[in-house]
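This briefing is meant to be read beside the structure shown below. It begins with charged side chains and then turns to helices, packing and a loop.

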Amino acid sequence: MYFLKNSLKNVVLLGNEPSWELLGILTVYFVQGVLGLARLAVSFFLKDELGLGPAQMAALLGVSAFPWVIKPLFGFLSDGIPLFGYRRRSYLVLSGILGSLSWLALSSIVHSTWAATICIVTSSLSVAVSDVIVDSVVVERARGESIEKTGSLQSISWAVSALGGLLTAYLSGWLLEQYGAKVIFAITAIFPLLVCFVSVLIAEDMVKQQATFLPKEQISQIWSTFKQKRILLPTLFLVIWQATPSAESAFFYFFTNELGFGPEILGRVRLVSSLAALIGIWIYQKFLKSLPFRVILGWSIVISFLLGMTTLLLVTHANRMLGINDYWFSLGDSLILTVMGQIAFMPILVLSARLCPSGIEATFFALLMSIWNLSGLLSGEGGALLTHWLGVSEHNFDRLWLLVLITNLSTLLPLPLIRWLPEDDPQTSVVLPLAEVFNPHSIYPNFVAETELLISEKND
């Protein structure tokens with residue numbers, strides 16, 4: 001029994017102690033991965049039933065990312081305004097109900113672009129809220145531990161999310177081909193309810209008093225922390241990198257209309273991508289988690305650029321002259337690029353967790369993640385504009401190669417700014433716990449000024 005428990009802790013859970021709360025945390029991440037079941041259904045629904053083109057789809061899906069941009073708002077609410085006496089559990093229940101209702105609406109009463117947009121944004125809102133809550137719990141558990149242990153907790157969380165995506169990746173295409181998008185949406189509506197059920201596993205005492213921190217004090221603490229160079233410069237680096245334009249929606253139309261890939265084949269591609277995400281997490285956890293952020297992200301940018309250029313072979317059909325058919329080339333390309341993408345993403349999560357001050361974990365982590373998501377939204381909308389400007393449409397892919405070239409070259413833009421990333425663990429010189437600089441039972445007149453004096457800015 002001891003051997004099994006020890007193996008579970010060290011091998012499966014990467015050193016994290018098994019507990020009911022950990023089960024609840026991992027279930028929320030698992031549901032986030034499983035919701036990928038509807039990703040292909042949404043794309044085909046917008047393309048075939050609502051008749052949207054690639055630029056229109058890119059713009060709509062960009063708007064659906066908006067709830068992820070305002071994640072700090074959900075952090076403020078959960079940190080400062082308990083619902084029914086709980087800061088975490090109640091918001092998880094609310095997010096689960098919201099997500100289930102939005103997918104049910106898509107499966108039954110949605111027949112227009114505007115209605116689809118509202119439901120897709122609402123489902124995105126549901127996941128964003130639950131993500132803020134579970135991230136805050138993870139940050140609370142990770143704070144004060146070594147950077148290696150923090151990386152392990154982040155790794156297992158995202159591995160479980162990738163596992164959820166893996167289990168539904170192939171089914172997302174096969175079920176779509178067999179039963180259609182509406183059935184997929186109805187099935188997907190079941191999973192957010194799991195978030196409601198596991199909310200009781202989150203270790204939390206009922207709050208007897210109302211908001212501990214007023215928004216003004218929270219904003220002051222966040223600003224005094226955020227404007228440190230050791231936080232501001234890495235954030236700006238990530239913004240520049242992530243905001244570069246994307247050609248994802250154009251590729252969906254290229255795969256379906258030009259290469260003739262159906263839902264089942266695209267499901268296989270998603271399966272390979274999900275496997276690749278797990279491989280990327282394993283590689284990071286096994287070999288790379290101790291490397292400086294500057295080193296791992298710098299090399300990730302360069303290698304991802306070089307590998308991304310191979311996509312030109314596919315869009316120009318040069319792969320056929322090399323004797324590689326479109327299907328196998330797409331699988332291999334997806335595998336390699338997803339591994340690199342996951343390796344680059346893991347240190348960003350770890351870095352973000354290490355920057356969070358005690359007392360406002362949900363808000364500050366949500367702020368960092370929302371900035372990242374805002375950059376992603378800008379990337380999608382920029383890609384939509386570029387797709388429209390180049391004349392790439394659902395039937396015209398003559399200049400898709402130029403879109404691929406521009407989007408890949410743009411990823412190199414932040415490389416000269418690589419020194420903005422920290423070389424060491426930023427938590428050693430970022431911020432003191434909130435309780436040490438702020439008394440919540442009184443108004444501290446010189447809160448901002450004195451906090452700035454307390455915060456170490458050495459090595460700036």
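**A buried aspartate and its surroundings**

Asp326 counts as buried, because its relative accessibility is 10% and the cut-off for burial is under 20%. The model is a predicted one, and its side chains include that of Arg320, which meets the side chain of Asp326 in a salt bridge with an N to O distance of 2.6 Å. Arg320 itself, at 44% relative accessibility, counts as partly exposed.

**Salt bridges**

- A search of the whole structure finds 3 salt bridges, one of which is the pairing of Arg320 with Asp326.
- Side chains of opposite charge can pair when their charged atoms come close.
- Arg268 and Glu264 form a salt bridge through their side chains, at 2.9 Å from N to O, and both residues belong to helix H15 (residues 263-288), where they are 4 residues apart, about one turn of the helix.
- An α-helix has 3.6 residues a turn, so residues three or four places apart point the same way.
- Arg268 is partly exposed at 31% relative accessibility, whereas Glu264 is buried at 11%.
- The side chains of Asp48 and Lys47 also meet in a salt bridge, with 2.9 Å between N and O; here Asp48 is partly exposed, at 49% relative accessibility, while Lys47 is buried, with a relative accessible area of 15%.

**Overall make-up**

- The protein has 23 helices and 0 strands, and of its 460 residues 55% count as buried.
- When contacts between residues at least 6 apart in sequence are considered, 86% of them join residues at least 24 apart.

**Helix H2**

- Helix H2 (residues 20-34) contains 15 residues and reaches 21 Å from its first C-alpha to its last, which is close to the 21 Å expected at 1.5 Å a residue.
- Because 12 of the 15 residues of H2 are buried, this helix is largely enclosed by the rest of the structure.
- The buried residues of H2 include Glu21, Thr27 and Gln32, and also Leu22, Ile25, Leu26 and Val28.

**Nonpolar cores**

- The largest nonpolar core has 70 residues, and the members that touch the most others are Phe45, Leu46, Trp103, Phe185, Phe254, Phe255 and Leu400.
- Helix H8 (residues 113-142) gives this core its largest share, namely 11 residues.
- Apart from this core lies another, of 29 residues, among them Tyr284, Leu288, Leu297 and Val339.
- Once residues up to four places away in sequence are set aside, Phe45 touches Leu50, Val110, Ala116, Ala181, Lys182 and Phe185.

**The loop at Leu83**

- Leu83 is found in the loop between helix H6 (71-80) and helix H7 (89-108), and at 28% relative accessibility this leucine counts as partly exposed.
- Not counting residues up to four places away in sequence, Leu83 touches Ser90, Tyr91 and Leu94.
- From C-alpha to C-alpha, Leu83 and Met206 are 9.9 Å apart in space, although 123 residues separate them in sequence.

How values were computed: Residues numbered from 1 in each chain as written. Predicted model: local features only at pLDDT ≥ 70, side-chain atom pairs only at ≥ 80, totals over all residues. Heavy atoms only, no water. Helix = DSSP H or I, 4+ residues; strand = E, 2+ residues; numbered from the N terminus. Buried < 20%, exposed > 50% of the residue type's maximum accessible area, 1.4 Å probe, protein only. Contact = heavy atoms within 4.5 Å. Salt bridge = Lys/Arg side-chain N within 4 Å of Asp/Glu carboxyl O. Expected span 1.5 Å × (residues − 1). Core = buried A, V, L, I, M, F, W, Y, C linked by side-chain atoms within 4.5 Å.
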